[in-house]
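Visitor: I am new to this structure. Please show me how to read it, one feature at a time.

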Amino acid sequence: MRGERSCPRCGAPARPPGAWSSRWVCDLHGEVYPLAPVTTPSAALVHQLARDSHVPLWLPWPLPRGWVVGAVIHAGDDASGVRASGVGISGPNPLGGPGDFLLVAEEQGVGLGAGLAGLEGADPGKAVEGEPTAKVQVEGRTVPLWFVEGPADRAVYVGHWGGSWLWAILYPQTAGVLLLEDVEIVDLRDLGHEADLLPYGTPPPWLVPGYDH
């Protein structure tokens with residue numbers, strides 16, 4: 001697993017604040033909220049992020065049968081807190097083999113979801129035009145999602161909730177069938193001690209070395 005903070009948009013190493021900038025800097029994308037190293041998820045990490053995060057920690061709830069929390073990622077810095085978060089679950093792909101379902105919440109301009117989707121900009125831009133093609137449920141309300149053209153190995157959708165982007169990244173692409181069902185998602189920050197009882201696994205291989213695209 002990587003031990004350095006990186007650009008949420010391209011995965012390149014980010015330079016810490018110094019004499020020329022009070023923010024972390026990517027040589028390509030300028031000032032960024034850096035992505036923390038990907039580590040094995042745990043209840044302790046969830047509780048820490050719940051205290052520091054300005055955005056939700058989205059999780060499908062209840063968890064699909066046989067699935068575990070495989071990844072908890074976040075971007076931000078000590079001064080500003082967590083500005084983007086991602087919670088990934090791993091389990092049996094309905095169409096065969098293993099699958100991963102990552103939900104990302106982020107403020108505008110952070111670029112974590114766009115990086116995972118292989119987009120050049122920091123936000124989805126024109127992707128959220130036209131008719132939505134999927135949806136999730138939050139607090140009994142329907143949140144529409146738009147399909148995003150990205151890497152052929154994954155299915156990517158994006159919408160927005162409460163002033164932040166909501167991305168759904170499913171790997172491999174065939175795992176996108178999970179969104180054909182009614183998927184209810186909850187904010188892990190609201191689960192409290194129930195987070196201690198979640199089954200935790202290990203990060204999926206495609207996420208650990210950085211999302212090369």
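Predicted model: local features only at pLDDT ≥ 70, side-chain atom pairs only at ≥ 80, totals over all residues.

Visitor: What is the average pLDDT of the protein?
Guide: pLDDT is the predictor's confidence in each residue, from 0 to 100. Here the average is 92, and 96% of the residues score at least 70. Among the elements, β3 has the highest mean, 98. Helix α2, residues 112-117, has the lowest, 93.

Visitor: How many helices and strands are there?
Guide: The protein has two helices and eleven strands. Read from the N terminus, the order is β-β-α-β-β-β-β-α-β-β-β-β-β. The radius of gyration is 16 Å, close to the 17 Å that the globule rule gives for 213 residues, so the protein is as compact as a globular protein of that length. Along the principal axes, the C-alpha atoms fill a box of roughly 50 × 40 × 30 Å.

Visitor: What share of the residues is buried?
Guide: Of the 213 residues, 53% count as buried. Now take contacts with a separation of 6 or more. Residues 24 or more positions apart account for 60% of them.

Visitor: In what order do the strands of the sheet stand?
Guide: Strands of a sheet pair through backbone hydrogen bonds, either parallel or antiparallel. Here nine strands form an open sheet with mixed pairing. Their order is β3-β11-β7-β8-β9-β10-β6-β5-β4. β3 (58-60) and β4 (68-77) stand at the edges with a single partner strand each, so one side of each has no neighbour in the sheet. On average, neighbouring strands are turned by 30 degrees against each other, direction ignored.

Visitor: Over how many bridges do β3 and β11 pair?
Guide: Over three bridges, in the antiparallel sense. Strand β11 covers residues 184-187. There, Ile185 is the bridge partner of Pro60.

Visitor: How many residues lie between β5 and β6 in their hairpin?
Guide: Five residues lie between them. In the turn, Gly96 has a positive phi of about 110 degrees. β5 and β6 run antiparallel, joined by nine bridges.

Visitor: How many residues of β6 are buried?
Guide: In a regular strand the side chains alternate between the two faces of the sheet. Strand β6 spans residues 98-106, and eight of its nine residues are buried. Seven bridges join β6 to β10, again antiparallel. Look for Leu103, which stands opposite Ala168 in β10.

Visitor: Let me try a single residue. Is Ser164 buried or exposed?
Guide: Buried means under 20% relative accessible area. Ser164 has 8%, so this residue is buried. Ser164 lies in strand β10, residues 164-171.

Visitor: Which residues does Ser164 touch?
Guide: Leave out residues up to four places away in sequence. Ser164 then touches Val55, Pro56, Glu106, Glu107 and Gly159. Of these, Glu106 falls within the 98-106 range of β6.

Key. Residues numbered from 1 in each chain as written. Heavy atoms only, no water. Pairing = 2+ DSSP bridges. Helix = DSSP H or I, 4+ residues; strand = E, 2+ residues; numbered from the N terminus. Axes fitted to C-alpha atoms, helices over the stretch in contact; angles between N-to-C directions. Rg over C-alpha atoms; globule rule 2.2 N^0.38 Å. Buried < 20%, exposed > 50% of the residue type's maximum accessible area, 1.4 Å probe, protein only. Contact = heavy atoms within 4.5 Å.
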